[in-house]
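Hi everyone, thanks for coming. Please have a look at the chain on the screen, and I'll walk you through it.

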Amino acid sequence: MSATVAMMLALAVGTYAFRLVGPVLHGRVELSARVQELLSAGAIVLLVALLATGALTEGGGFAGWARPAGVLVAGVLAWRRAPFVVVVLGAAGTTAVLRAAGVA
């Protein structure tokens with residue numbers, strides 16, 4: 001078995017274990033309100049970091065201004081509760097127009 005296959009199996013087992021822990025421990029472990037607030041804030045921070053990394057970087061460098069502008073438009077449309085198709089088309093259209101205009 002190659003190292004890649006072993007790593008994939010380990011990740012699969014770990015993922016399944018994490019999914020199993022929730023229902024198994026439900027009702028047995030009580031978290032304080034402070035811990036719940038910290039976990040909620042931590043999840044938001046991780047999502048924002050993932051968004052920033054995906055929106056601002058490409059190949060280890062800055063992705064240019066068109067992509068962050070598209071992400072910003074998508075964020076505003078999602079915040080305004082626009083339908084998903086409108087959010088995607090708005091972001092893609094903004095990015096395409098800026099790139100066509102020569103904005104990197």
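Let me start with a term: buried means under 20% relative accessible area, exposed means over 50%, and partly exposed is in between, using a 1.4 Å probe and protein chains only. By that rule, buried residues make up 11% of the 104 residues in this chain.

A quick word on where this comes from. This is a predicted model, in which local features need pLDDT of at least 70 and side-chain atom pairs count only at pLDDT 80 or more, while totals for chains, interfaces and linings use all residues. Residues are numbered from 1 along each chain as its sequence is written, and side-chain values use heavy atoms, with hydrogens and water left out.

Now the overall shape. The radius of gyration, taken over C-alpha atoms, is 20 Å, whereas a compact globule of 104 residues would have one near 13 Å (the globule rule is 2.2 Å times the number of residues to the power 0.38). Along the principal axes, the C-alpha atoms fill a box of roughly 55 × 45 × 25 Å.

What is the chain built from? There are 4 helices and 2 strands, and along the sequence they follow the pattern α-α-β-β-α-α. Helices here are DSSP runs of H or I with at least four residues, strands are runs of E with at least two, and both are numbered from the N terminus.

Let's zoom in on helix H3, residues 66–79, and helix H4, residues 84–100: their axes come within 8 Å and cross at roughly 155 degrees. The axes are lines fitted to C-alpha atoms over the stretch in contact, and angles run from 0 to 180 degrees between N-to-C directions. H3 and H4 are therefore roughly antiparallel to each other, a label for angles over 145 degrees.

Who makes the contact, meaning heavy atoms within 4.5 Å? From H3 the list includes Ala66, Val73 and Leu77, and from H4 it includes Val86, Gly90 and Leu98. By class, the contact has 10 nonpolar, 4 polar and 2 charged residues. Nonpolar covers Ala, Val, Leu, Ile, Met, Phe, Trp, Tyr, Cys and Pro, charged covers Asp, Glu, Lys and Arg, and the others, Gly among them, are polar.

Take Val73 in H3. Leaving out residues up to four places away in sequence, Val73 touches Gly90, Ala91 and Thr94. Val73 has a relative accessible area of 27%, so it is partly exposed.

Finally, Arg81 sits in the loop between H3 and H4. Arg81 is not a glycine, yet it has a positive phi of about 60 degrees. Is Arg81 buried or exposed? At 76% relative accessibility, Arg81 counts as exposed.

Methods: Angles under 35 degrees count as roughly parallel, over 145 as roughly antiparallel, 65 to 115 as roughly perpendicular and the rest as oblique. Contact means heavy atoms within 4.5 Å.
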